[in-house]
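Please keep the sequence and the structure in view while reading.

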Amino acid sequence: MNRDQQSRLSEVQVEAFFNTEFEEDQISHFESLLDGRKFDADSAIVDVGGGIGHFAKLLSEKRGANVRVLDIDEQSIKILNDTCGNRIEALVAGALDPPLFGDEKVVTINLVLHHLVGSSEKATRKLQEGALKVWRGNTDYIFVNEYVYESFVGNLSGRIIYLVTSSKLLSSIAAFVSGFLPSLKANTFGVGVRFRSNSEWIKLFERCGFEVVDTRLGEPEFISLPRRVLLIDEIRRDSFLLRATDD
C-alpha cells in the first residue's frame with residue numbers, strides 16, 4: 001500500500017473506535033461554536049470519518065438536521081445503514097476524495113486528521129491538508145475536533161510520537177507506549193499517528209486557506225509520569241470552527 005494515501009485499519013483496529021467516550025464533548029463544542037447559525041431544511045451536515053455514527057446520531061437528535069456520514073470502512077457504514085438507514089445517510093468514502101452533492105452546509109472532522117499519515121512529515125502534512133482543502137468552496141464551515149499535544153520543548157511531543165509509531169523497528173516501543181497513552185491504543189503501529197499542538201493545527205488550517213472563526217479548548221487529560229518522557233506538557237481535545245478565507 002502507498003504510505004502516502006489514506007490507510008485502511010484492520011477490523012480489530014476499527015472496532016477500537018466503536019465505544020468512544022468523546023461524542024458528548026464534541027457535540028457540546030459543536031453546539032457552542034455553531035450557536036445562532038441556522039441551517040436550511042435542504043442543507044446537510046457531513047461527518048467525515050463518522051464510523052458507525054455515534055456523533056451523527058447526536059447531531060440528528062439535537063439539530064433535526066440532515067446528516068451524512070462518510071467513512072472509508074465498509075463494515076462501519078453497513079452497521080450504520082442497518083441501524084439508522086432511514087434517518088442518517090451513510091456512504092463509503094475516504095477523507096481525501098469525498099463525494100460532493102452541493103448541499104454541504106457544515107463538515108465535521110472528529111479525531112481523523114491525526115490518523116492521516118504518510119512516509120514523511122512533508123507527506124503527512126500534505127495528507128492532512130488534502131482532507132481540508134477538498135472542502136474549500138464546497139461548505140460554509142468545517143468543525144474540527146482534534147487531539148492537541150503541548151510540549152515542554154517547542155512542539156516536539158507530536159513529532160516524537162509520530163517517529164515512534166511510524167517506525168516498524170520501534171514497534172515494540174510503540175506497543176509499550178500505548179500502555180500508558182490511551183489515545184494511542186487504536187492506532188496502527190508501524191504506520192504512524194501525527195498529533196500537533198494547538199498553534200500547529202491553526203497554522204495547518206491557515207495553510208489550507210481557512211481562518212479559525214472560534215475555538216473551544218478541551219479539558220486537560222491526566223498526564224502520568226511516564227508520559228513526561230515524551231516531553232508532553234498537556235493533552236486536550238480542542239475544537240475549531242473554520243471558514244474559508246477570501247482569495
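**A helix pair and its surroundings**

Helices α5 and α8 are oblique to each other, a class left over once angles under 35 degrees are taken as roughly parallel, over 145 as roughly antiparallel and 65 to 115 as roughly perpendicular. The model is predicted: local features need pLDDT of at least 70 and side-chain atom pairs count only at pLDDT 80 or more, whereas totals for chains, interfaces and linings use all residues. Residues are numbered from 1 along each chain as its sequence is written, and side-chain values use heavy atoms, with hydrogens and water left out.

Two packed helices are described by the angle between their axes and the distance between the axes. For α5 (residues 121-133) and α8 (residues 198-207), the angle is about 60° and the axes are 9 Å apart. Axes here are lines fitted to C-alpha atoms, for helices over the stretch in contact, and angles run from 0 to 180 degrees between N-to-C directions. Helices (H or I, at least four residues) and strands (E, at least two) are DSSP runs, numbered from the N terminus. The crossing of α5 and α8 is right-handed, in that the near helix is turned clockwise from the far one by less than a right angle.

On the α5 side, Arg125, Gln128, Glu129, Leu132 and Lys133 meet Trp201, Leu204, Phe205 and Arg207 of α8, contact meaning heavy atoms within 4.5 Å. Four residues of this contact are nonpolar, one is polar and four are charged; Ala, Val, Leu, Ile, Met, Phe, Trp, Tyr, Cys and Pro count as nonpolar, Asp, Glu, Lys and Arg as charged, and the others, Gly among them, as polar.

The buried residues of α5 include Leu127, Gln128, Ala131 and Leu132. Buried means under 20% relative accessible area, exposed over 50%, and partly exposed in between (1.4 Å probe, protein chains only). The buried residues of α5 pack against α8, and also against α6 (156-166) and the strands β4 (104-110), β5 (141-151), β6 (210-216) and β7 (232-244).

Strand β4 contains lysine 105, which is buried at a relative accessible area of 18%. Not counting residues up to four places away in sequence, lysine 105 touches Lys38, Phe39, Ser43, Ala44, Thr139, Asp140 and Tyr141.

Most residues other than glycine have a negative phi. Leucine 111, in the loop between β4 and α5, has a positive phi near 50° and is buried at 13% relative accessibility. Leucine 231, in the loop between β6 and β7, has a positive phi of about 65° and is partly exposed at 26%.
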